Amino acid sequence: MNQTIDFQLNGKAARVETDPSRRLLWVLRTDLALTGTKFGCGIGLCGACTVLVDKKALRSCRLTLADIKGKEVTTIEGLAQGGQLHPVQQAFVDHDAMQCGFCTPGMILNAFSLLLANPNPSEGEVISEMDGNFCRCGAHPRIMKAIMSAAQTMKGTVEQAGSAKRDG
Ligand code: FES
Ligand code: FES
């Protein structure tokens with residue numbers, strides 16, 4: 001039976017009337033036209049469908065609408081702000097960290113979540129956290145460079161914001 005599900009989507013209030021057992025991936029792609037979230041395996045193994053829920057990277061092919069009721073969902077479409085790519089997105093562009101690009105939205109959101117939890121990761125920590133996001137094109141070395149570089153940029157942004165606050 002359909003229900004009204006309210007949640008936050010990319011910083012705005014969202015409401016859908018649907019069966020709460022439907023998967024978030026398909027509601028995003030088919031009901032809300034947010035096709036940046038990709039379908040890969042559908043069984044939680046590849047990471048192509050990764051979104052953030054309350055700032056944690058989760059697999060939208062495994063989440064139902066009931067799971068995200070009242071929560072904050074961020075998809076790849078919600079990362080850029082004011083026409084500016086997010087530092088993780090910019091780093092992927094700068095380091096050419098994609099080939100076909102199919103895995104890229106999930107990679108970027110998983111990397112963003114990793115850097116929120118651990119702003120200064122070692123290469124080993126990045127490898128271990130990104131291990132479950134598959135890339136069939138073999139862009140992994142460039143993805144690694146992009147994430148290490150985004151970590152530096154994000155740290156700089158946070159430090160700048162902190163010193164502006166102190167100065168202001
Ligand atoms: S489509 Fe969700 S993990 Fe593969
Ligand atoms: S760039 Fe093609 S799957 Fe990763």
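Predicted model: local features only at pLDDT ≥ 70, side-chain atom pairs only at ≥ 80, totals over all residues.

Stop 1: Is Asp96 buried or exposed? Count the other C-beta atoms within 10 Å and you get 12, and a residue with 12 or fewer is called exposed, so Asp96 is exposed.

**Stop 2: another Asp.** Now go to the loop that runs between β3 (50–53) and β4 (56–59), and pick out Asp54. Here too phi is positive in a residue other than glycine, with a value near 50°. Asp54 is exposed, because it has 12 other C-beta atoms within 10 Å.

**Stop 3: two domains.** Colour 3–78 as domain 1 and 87–167 as domain 2. Their centres, taken over C-alpha atoms, are 21 Å apart. Where they touch, domain 1 puts in 14 residues and domain 2 puts in twelve. On the domain 1 side, β3 and β4 each supply at least two residues, and β3 gives the most, with three. What kinds of residue make up that side of domain 1? Seven are nonpolar, four are polar and three are charged.

**Stop 4: the core.** Next, select Ile108, Ala111, Ile143 and Ala150. Within the largest nonpolar core, which has 41 residues, these have the most contacts. Elements giving two or more residues to this core include β1 (3–9), α1 (24–31), α2 (65–68) and α6 (140–167). β3 and β4, the strands on either side of the Asp54 loop, are also among them. Which element gives the largest share? That is α4, with seven residues. Since domain 1 and domain 2 both give residues to this core, it lies between them.

As background, nonpolar side chains tend to be buried together in soluble globular proteins.

**Last stop: one residue up close.** Zoom in on Ile143 and show what it touches. Leaving out residues up to four places away in sequence, you'll find Ala97, Met107, Met130 and Cys135.

Notes: Residues numbered from 1 in each chain as written. Chains lettered and ligands numbered in written order. Helix = DSSP H or I, 4+ residues; strand = E, 2+ residues; numbered from the N terminus. Buried ≥ 20, exposed ≤ 12 C-beta atoms within 10 Å, placed from the backbone. Domains from an automatic or database assignment. Contact = placed C-beta atoms within 7 Å. Nonpolar A, V, L, I, M, F, W, Y, C, P; charged D, E, K, R; others polar. Core = buried A, V, L, I, M, F, W, Y, C linked by C-beta atoms within 7 Å.
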